[in-house]
Amino acid sequence: MSNCTVKDFYCTVCPSECHLTVTLDETGSVVSVAGNSCPRGERFGRQEATCPMRVLASTVRLEGAHTGEPLIPVRTREAIPLSLQAQAMDAIRKARVTAPVKMGDIVLANVCDTGVDVVASCSAR
Ligand code: SF4
């Protein structure tokens, strides 16, 4: 196990914030997860150690709103790989949406080929 890598971080699935220790072998495969108090923590530990995922929240340029609001809050419908967040932010910055917009409307489909849509976090008229 001399070529193993150990990663330490906290589980963020629930407020208990268990301290996880994840061991990976030389190929980057997870060998073990320790410190978790439940199976959800083991799943989180494996994901976080190999391909961390986050929901991305931002704003998109809004055109034609009666209120004059220039931006609308958006977020990815599900978590996307952390490694793609900068690329996704670039795509979000270039996006435009025209009012009216309803909460949950797709603003940007399949962002960065993740299969996840960016949706409006609120409505605008
Ligand atoms: S391991 Fe389980 S109990 Fe601990 S923080 Fe994660 S989800 Fe909560």
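Me: Starting with the three-strand sheet, in what order do the strands run, and is the pairing parallel or antiparallel?

Reply: This is a predicted model, and in it the three strands form an open sheet in the order β1-β2-β3, with antiparallel pairing. The edges are taken by β1 (5–10) and β3 (30–34), and each of these has a single partner strand, so one side of each is left without a neighbour in the sheet. From one strand to the next, the twist averages 20 degrees.

Me: How many bridges hold β1 and β2 together?

Reply: There are six bridges between β1 and strand β2, residues 19–24, and they pair in the antiparallel sense. Within that pairing, Lys7 is placed opposite Val22 in β2, while Val6 stands opposite Thr23 of β2.

Me: Which strands does helix α1 touch?

Reply: Helix α1, which covers residues 39–50, packs on the sheet and touches β1, β2 and β3, and its direction makes about 55 degrees with that of β2.

Me: How many residues sit between the strands in the hairpin of β2 and β3?

Reply: Five residues lie between the strands of that hairpin, and Gly28 takes a positive phi near 90 degrees there.

Me: Switching to aromatics, how many pairs are there?

Reply: The count comes to one aromatic pair. Phe9 and Phe44 make up this edge-to-face pair, with 6.2 Å centre to centre and 75 degrees between the planes. Since Phe9 lies in strand β1 and Phe44 in helix α1, the pair ties together parts that are 35 residues apart in sequence.

Me: Are Phe9 and Phe44 buried or exposed?

Reply: Phe9 is buried, and Phe44 is buried as well.

Me: On to the five-strand sheet, what is its strand order?

Reply: That open sheet has the order β8-β5-β6-β10-β9, and its pairing is mixed. The edge strands here are β8 (96–98) and β9 (106–108), each of which pairs on one side only. Neighbouring strands are turned by 45 degrees against each other on average, if direction is ignored.

Me: Do β5 and β8 pair in the parallel or the antiparallel sense?

Reply: Strand β5, residues 57–63, and β8 pair in the parallel sense over three bridges, and the bridge partner of Leu62 in β8 is Val97.

Me: Which helix packs on this sheet, and what does it touch?

Reply: It is helix α2, residues 85–94, which touches β5, β6 (71–76), β8, β9 and β10 (118–120), and its direction makes about 20 degrees with that of β5.

Me: Where is Gln85, and is it buried or exposed?

Reply: Gln85 is in helix α2, and its relative accessibility is 13%, so it counts as buried, the cut-off being under 20%. Leaving out residues up to four places away in sequence, Gln85 touches Arg54, Val55, Leu56 and Ile80.

Me: What about the phi of Cys112?

Reply: Although it is not a glycine, Cys112 has a positive phi of about 55 degrees, and its place is in the loop between β9 and β10.

Me: And what is phi for Asp113?

Reply: Asp113, also a residue other than glycine, has a positive phi near 55 degrees. Asp113 lies in the loop between β9 and β10, and its relative accessibility is 69%, so it counts as exposed, for which the cut-off is over 50%.

How values were computed:
Residues are numbered from 1 along each chain as its sequence is written. This is a predicted model: local features need pLDDT of at least 70, side-chain atom pairs count only at pLDDT 80 or more; totals for chains, interfaces and linings use all residues. Side-chain values use heavy atoms; hydrogens and water are left out. Two strands pair if DSSP finds at least two bridges between them. Helices (H or I, at least four residues) and strands (E, at least two) are DSSP runs, numbered from the N terminus. Axes are lines fitted to C-alpha atoms, for helices over the stretch in contact, and angles run from 0 to 180 degrees between N-to-C directions. Contact means heavy atoms within 4.5 Å. Rings of Phe, Tyr and Trp (its six-membered ring) pair if their centres lie within 6.5 Å; planes under 30 degrees apart count as stacked, over 60 as edge-to-face and the rest as tilted. Buried means under 20% relative accessible area, exposed over 50%, partly exposed in between (1.4 Å probe, protein chains only).
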